[in-house]
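I opened the model and looked up a few things one after another.

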Amino acid sequence: MPFKLIIVGSGSAVPTLQRGVTSQYLNFNERRILIDCGEGTQLQLRKYKIRFQRLQYIFISHLHGDHFLGIFGLLASMNLLGRTLKLIIFCPADLEKIIQTQFEITKVKLDFDLEFIHLEGKSKKLIFEDRLLEVYSIPMKHRIECYGFIFREKPKEQNIDAAKIEQYDISRAEIWAIKNGADLERNGKIIPNAELTLPPAKLFQYAFCTDTKYYEKIAEWVEDSDLLYHEATFTEKQLDRAKATHHSTAKQAAEIAKKGNVSKLLLGHFSARFGSTRELLDEAKPIFENVVCVEDGDEFDA
Ligand SMILES: [Zn+2]
């Protein structure tokens, strides 16, 4: 399954020449997705050779400036450069108001269709699905309404065991039913579906979690993810600051990864106070070994 994640911006609060603010590009089964769009994102996209006219979906976690202020410039550039492809934005409801107000005042009329889908809910919620992809929103615990996202490969129909087709002389109609979960009846006996099919392939899952204070429920929602991005704005030395601003420490992010039994953890959204990420990594590693502090431009494939 094609999966590529590019870290477009990995910092928090203010964009600098070293780190852009939060944004990630995701190609998931050829669905082209932008997650968060802090100020400066369109230049970062150019820098990493990501063609923003081809984006189909934008997911905005919350309305703090370092996660969405880049959307105005990005939409304006898309329009000026002749975009016609429809764009869908998943976001807190107020973002639609802000964007529409801005268009009204500046008398801009887009030449492409823009659809908004509002995020809501106090638990894990399916917000998008097509043939190959499912996306869930999960509420974070932040100072304002904020959501994480889980991108998951869509469950495939089951593969039937070829030897069983011969053994039970299974018809075409029966094969279709079995692939969709049905059992088989032969001479009044029921042969269970599990006996006729091969074990399902593991479904790839990427979970994006920012901004949030330590919230154990997240571990449950992101369970068994292949890849988890979790914010780590601070270390335990700034625990008071983390609590006051509803952010996480590297240790807390590692604990979520461990409890959630994920395969790999990416840390980001670092406070500008850290010149290097060494301290954050040293804090997370003893709890969760397979961890990376991301840099702008980093790529991760499945
Ligand atoms: Zn925030």
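**Entry 1: the sheet I began with**

In what order do the seven strands of the open sheet with β7 and β15 stand? I read off β7-β8-β9-β12-β13-β14-β15, and the pairing is mixed. Strands here are DSSP runs of E with at least two residues, helices are runs of H or I with at least four, and both are numbered from the N terminus. Two strands count as paired if DSSP finds at least two bridges between them.

The edges are β7 (125–129) and β15; each has a single partner strand, so one side of each is left without a neighbour in the sheet. On average, neighbouring strands of this sheet are turned by 20 degrees against each other, direction ignored. Axes are lines fitted to C-alpha atoms, for helices over the stretch in contact, and angles between N-to-C directions run from 0 to 180 degrees.

I followed β7 to β8 and found four bridges, with the two strands antiparallel. L126 stands opposite Y136 in β8.

**Entry 2: ground rules**

I noted that this is a predicted model, where local features need pLDDT of at least 70 and side-chain atom pairs count only at pLDDT 80 or more, while totals for chains, interfaces and linings use all residues. Residues are numbered from 1 along each chain as its sequence is written, and side-chain values use heavy atoms, with hydrogens and water left out.

**Entry 3: strand β13**

Next I looked at β13 (residues 227–231). Is this strand mostly covered or mostly open? It is mostly covered, with five of its five residues buried. Buried means under 20% relative accessible area, exposed means over 50%, and partly exposed lies in between (1.4 Å probe, protein chains only). L227, Y229 and E231 are buried on one side of β13, and L228 and H230 on the other.

Four bridges join β12 to β13 in parallel, and C209 stands opposite H230. Five bridges join β13 to β14, also a parallel pair, and there L228 has L265 as its bridge partner.

**Entry 4: the cores**

I then asked for nonpolar cores, meaning sets of buried Ala, Val, Leu, Ile, Met, Phe, Trp, Tyr and Cys residues joined through side-chain atoms within 4.5 Å. The largest has 30 residues, and V222, L228, L265 and L267 have the most contacts inside it. Among the elements that give two or more residues to this core are β8 (133–139), β12 (205–209), α8 (217–221) and β14 (264–268). The most comes from α10, with five residues.

I checked L228 for contacts (heavy atoms within 4.5 Å). Leaving out residues up to four places away in sequence, L228 touches A207, C209, V222, I256, A257, V262, K264, L265 and L266. A second, separate core has 27 residues, including Y57, F59, I88 and V294.

**Entry 5: the other sheet**

Strand β4 (residues 57–59) runs parallel to β5 (residues 87–91), joined by three bridges. Y57 stands opposite I88 in that pair.

I stopped at F274, in the loop between β14 and α11. Does F274 count as buried or exposed? F274 counts as buried because its relative accessibility is 11%. Not counting residues up to four places away in sequence, F274 touches T233, F234, T235, Q238, E279 and L280. F274 and T235 are 39 residues apart in sequence, with 9.7 Å from C-alpha to C-alpha.

**Entry 6: the whole protein**

Domain 1 takes 3–156 + 201–301 and domain 2 takes 162–196, with bounds from an automatic or database domain assignment. Their C-alpha centres lie 44 Å apart.
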